[in-house]
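Student: I'd like a close look at one part of this model. Could you walk me through the sheet and what surrounds it?

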Amino acid sequence: MDKNNCMNISRLLFLLLVIINSYPAFGQEDKNVIYKVGVGELIYTPPSEGNPNAAVKVLKDVADVLLSGQTTKQQPQYAEAVRASIVNGLSKVILFRPSDGAISQEELSNNIPALYVDGTIVNISTVSKTETNKDSKGNKTTHTSYCGIISVTVNLKDAYDGTLINSETFSIYDSDLYWMTSGEKAINNALERLTSKVASFYNQMFPLHASIVEKGEVKKNKQKEVYIDLGAANGVYKGQRFDVFLVKTIAGKEAKTIIGRLKIEEVEGDEISLCKVTKGADKIKTALDENQTLLITSR
């Protein structure tokens, strides 16, 4: 082989390496996308405004909790607090970055991953009950307790064309709450539960995806620990739980079967965490030994 051919082959190999290295690792290109989320109006539509659907919803909510001796009262002054609770819940979604109002056209022109939220509040009310007790001397004491009832429909949309992605109604009922000593405390309690429900729902809808990058401790033919490629930079935390799926291709279609669970023991860097295998230790070890494809998602 002459000198010119050797040089051409070397250049070709170098170019090939550059191209290969310019691509992310398998499955990484769509992994853990961060979404900018614009939050629009959450319109309070109580039954008094003649909205029959809202009226039916409020009556159902109240009927579910209202017992003999209890009364209910709408609390429209908390509408903005309900919206703030939704925003707070969205801020606790690991892959969301919420902001107030619509996303600017300048940002959208950069083709960033973007979503938009709006919705309808159909119920903000307090349910109260008054109880009278007697002591051993026959003296009567009366006290009133309250719980908050909230129902809000949140619409998640594509920020670019307004296409509806998901519509979910979050409802806080008596069964979710403690009875409080004032209506304000009852509403605040309900708002805290609303924030938690919103965060939990969208974290499940948009889970983190991880890969096992190294085996950890093995005992009695069971995988006790593994390392995953998520860390502080991904917002994960000690105690966070993950499902482990075995992925197979059947008749050209991807099939996933859950085989175990993990829990983060230590976040050891920006992109690495040590996890304890809490379920399916034998199946996970077999899959790793056989180089089978595993998918790890946050719960």
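This is a predicted model: local features need pLDDT of at least 70, side-chain atom pairs count only at pLDDT 80 or more; totals for chains, interfaces and linings use all residues.

Tutor: Happy to! Residues are numbered from 1 along each chain as its sequence is written, and side-chain values use heavy atoms, with hydrogens and water left out.

Strands here are DSSP runs of E, at least two residues long, and helices are runs of H or I, at least four, both numbered from the N terminus. Strand β13 (residues 253-269) runs antiparallel to β14 (residues 272-279), and 7 bridges join them; two strands pair if DSSP finds at least two bridges between them.

Stepping back, 7 strands make up an open sheet with antiparallel pairing, ordered β7-β15-β12-β13-β14-β11-β8. Its edges are β7 (209-210) and β8 (212-215), each pairing on one side only.

Across β8, β11 (225-228), β12 (241-250), β13, β14 and β15 (293-298) lies helix α6 (residues 281-289), at about 100° to β13. Contact means heavy atoms within 4.5 Å; axes are lines fitted to C-alpha atoms, for helices over the stretch in contact, with angles from 0 to 180 degrees between N-to-C directions.

Back to C275: this residue counts as buried because its relative accessibility is 0%, where buried means under 20% relative accessible area, exposed over 50% and partly exposed in between (1.4 Å probe, protein chains only). As for cysteine pairing, the structure holds 0 disulfides, a disulfide being a pair of cysteine sulfur atoms within 2.5 Å.
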